[in-house]
Amino acid sequence: MRIFAVLAVILFHADFAYADLVIDLDELAGDTVSIAISGSGTVDTGGGSNPGGVLDFLNFSDDPFTNAIPTTSTNFAVAGSLSFLLNGSTIADVTTFRTQRSTNSGSSDIDLIVTQSIANGSTFSASGSGTVTGLLFSSLNPGTYFSIDGDSSDFGGVTLNITAAAAIPEPSSIWSLLG
């Protein structure tokens with residue numbers, strides 16, 4: 001019976017493990033947040049509406065936000081160079097990172113607002129990094145989260161990685177390890 005439970009968990013997570021779009025939020029000094037996007041594929045709406053200029057990624061596998069994030073939509077400007085190369089020639093720059101925390105665990109949303117509309121059938125290559133102005137790392141829950149709802153399914157799923165900065169040992173601690 002245990003083997004079936006383990007297989008069910010592995011299969012459930014296997015769908016998400018190979019998301020075509022990855023968003024990384026990392027802790028920087030001073031409680032600031034860096035953002036990076038990566039991945040490639042073809043947008044497939046399955047007959048639904050086009051993602052357009054607001055990429056709405058819904059219902060992450062758990063809640064990536066602390067209570068410091070409001071339950072209303074909050075926009076944060078993106079400084080840096082993050083973009084989607086569409087069909088090998090059109091660039092859709094990411095200008096805004098939007099959050100909305102839900103009071104129900106696992107249903108918080110993240111939006112990326114881009115400068116060009118993204119349509120069904122577009123090939124995409126996402127790349128770049130920058131910072132999210134005004135978003136505090138202390139308002140995020142470190143971990144890995146997955147979404148296949150909303151526009152996430154159009155992009156083959158979305159993985160959100162939130163990573164705290166690694167602690168740097170004090171110099172005195174390093175010397176004690178050598179002695």
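Is Phe124 buried or exposed, and what is its relative accessible area? Phe124 is buried, at 4% relative accessible area. Buried here means under 20%, exposed over 50%, partly exposed in between, with a 1.4 Å probe and protein chains only.

A word on the source. This is a predicted model: local features need pLDDT of at least 70, side-chain atom pairs count only at pLDDT 80 or more, and totals for chains, interfaces and linings use all residues. Residues are numbered from 1 along each chain as its sequence is written, and side-chain values use heavy atoms, with hydrogens and water left out.

Now the rings. The whole structure holds four aromatic pairs. Rings of Phe, Tyr and Trp (its six-membered ring) pair if their centres lie within 6.5 Å; planes under 30 degrees apart are stacked, over 60 edge-to-face, the rest tilted. Take Phe57 and Phe155: edge-to-face, 6.1 Å centre to centre, 85 degrees between the planes. Phe57 sits in strand S3 and Phe155 in the loop between S9 and S10, so the pair ties together parts 98 residues apart in sequence. Strands are DSSP runs of E, at least two residues, numbered from the N terminus.

Phe155 also meets Phe124. Their centres are 5.0 Å apart and their planes at 70 degrees, so this pair is edge-to-face. Phe124 belongs to strand S7, residues 123–132, and lies 31 residues from Phe155. Phe155 is at 0% relative accessibility, so it counts as buried. Phe57, Phe84, Phe124 and Phe155 make one aromatic cluster.

Last, the sheet. It is open, ten strands, mixed pairing, in the order S8-S10-S1-S2-S7-S4-S5-S6-S3-S9. Pairing takes at least two DSSP bridges between two strands. S8 and S9 stand at the edges with a single partner strand each, so one side of each lacks a neighbour in the sheet.

Note on methods:
Helix = DSSP H or I, 4+ residues; strand = E, 2+ residues; numbered from the N terminus.
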